[in-house]
Amino acid sequence: MSNFAAEMRQTFVAATLGNMVAQAATRGLNGSTGPIDLPDTLLSGLQTGTAFIAYPVACNFLKNHCQQFKKNYEDPKGCKPLVYIQGGMLGAGICTLLNYPIQTIQKNRKGQKQSISLQGAAGYYADQVGSSVGFAATNGTLLQVLPVPKNTLANWGLGHIRVNIANIGGKCLAYPIHHLRHGSTLTGMISGYLQGAPGVVITGDATNHFKNVLGFMVQ
């Protein structure tokens, strides 16, 4: 197994476990009582694991199969917007391939009778592609302009700020499609995200913890 494949496997497992921890923690913060629905928590965690690796897997695939993409990706003066668009679009496709069936299973468990279909997959992809491209573009831009603090605490805080801003950037780019398909408002999408931001922070920290624990997977 290549180093990249091992790293992606480690990240997938760590993000899945990290999100499961975050779901349990946010339930406690929100004052929820009763037992955790473990299968549902696992299904949500698997979707997060996929989201963590979809873009790097997409970029790695494109680098290996498209010389122009590889040049733009590796050259500091390359066309980065094209990298974000191409990588983000393929990343959204990977999320659709893996997460759409998982989400359908999850909804059926909750009594929402749905079946897997090409139309459903197309709709899922349409909802994902803006967020995927927007996150990649915002995060890539922030990485180029934000300083790297030498202080560990400052670096931790800035990392979380960057991720949350990138997620909001993804929401902004996804808004037009979500508005057309679901009648969503931009303020509603952003406020909804901000309500779940503590879970994003917990997921990130828990994922990093599990990546350290699972370091043997890339050795």
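Predicted model: local features only at pLDDT ≥ 70, side-chain atom pairs only at ≥ 80, totals over all residues.
I started with Tyr-100 and found this residue buried, with a relative accessible area of 8%.

The cut-off for buried is under 20%.

How are the rings of Tyr-100 and Tyr-124 arranged? I got a tilted aromatic pair, with 5.9 Å centre to centre and 50° between the planes. I then checked where the two sit: Tyr-100 is in helix α4 (residues 80–109) and Tyr-124 is in helix α5 (residues 118–145), so this pair ties together parts 24 residues apart in sequence.

**Aromatic pairs, continued**

I counted 2 aromatic pairs. Phe-69 and Tyr-73 make a stacked one, at 5.9 Å centre to centre with 20° between the planes. Both residues lie in helix α3 (residues 67–74), 4 residues apart, or about one turn of the helix. Is Phe-69 buried or exposed? I have it down as buried, with a relative accessible area of 1%. Tyr-73 comes out as partly exposed, at 35%.

**Helix packing**

I moved on to helix α1 (residues 3–29) and helix α8 (residues 197–213), which pack at about 135° with their axes 7 Å apart. The two helices are therefore oblique to each other, since the roughly antiparallel class needs an angle over 145 degrees. I noted the crossing of α1 and α8 as right-handed.

Which residues make the contact? On the α1 side I listed several, including Ala-14, Gly-18, Ala-22 and Leu-29. On the α8 side they include Ile-202, Ala-206, Phe-210 and Lys-211. I sorted the contact residues of α1 with α8 into 10 nonpolar, 8 polar and 1 charged.

Definitions and conventions. Residues numbered from 1 in each chain as written. Heavy atoms only, no water. Axes fitted to C-alpha atoms, helices over the stretch in contact; angles between N-to-C directions. Parallel < 35°, antiparallel > 145°, perpendicular 65-115°, else oblique. Left-handed = near helix turned anticlockwise from the far one by under 90°. Contact = heavy atoms within 4.5 Å. Nonpolar A, V, L, I, M, F, W, Y, C, P; charged D, E, K, R; others polar. Phe/Tyr/Trp six-rings, centres within 6.5 Å; stacked < 30°, edge-to-face > 60°. Buried < 20%, exposed > 50% of the residue type's maximum accessible area, 1.4 Å probe, protein only.
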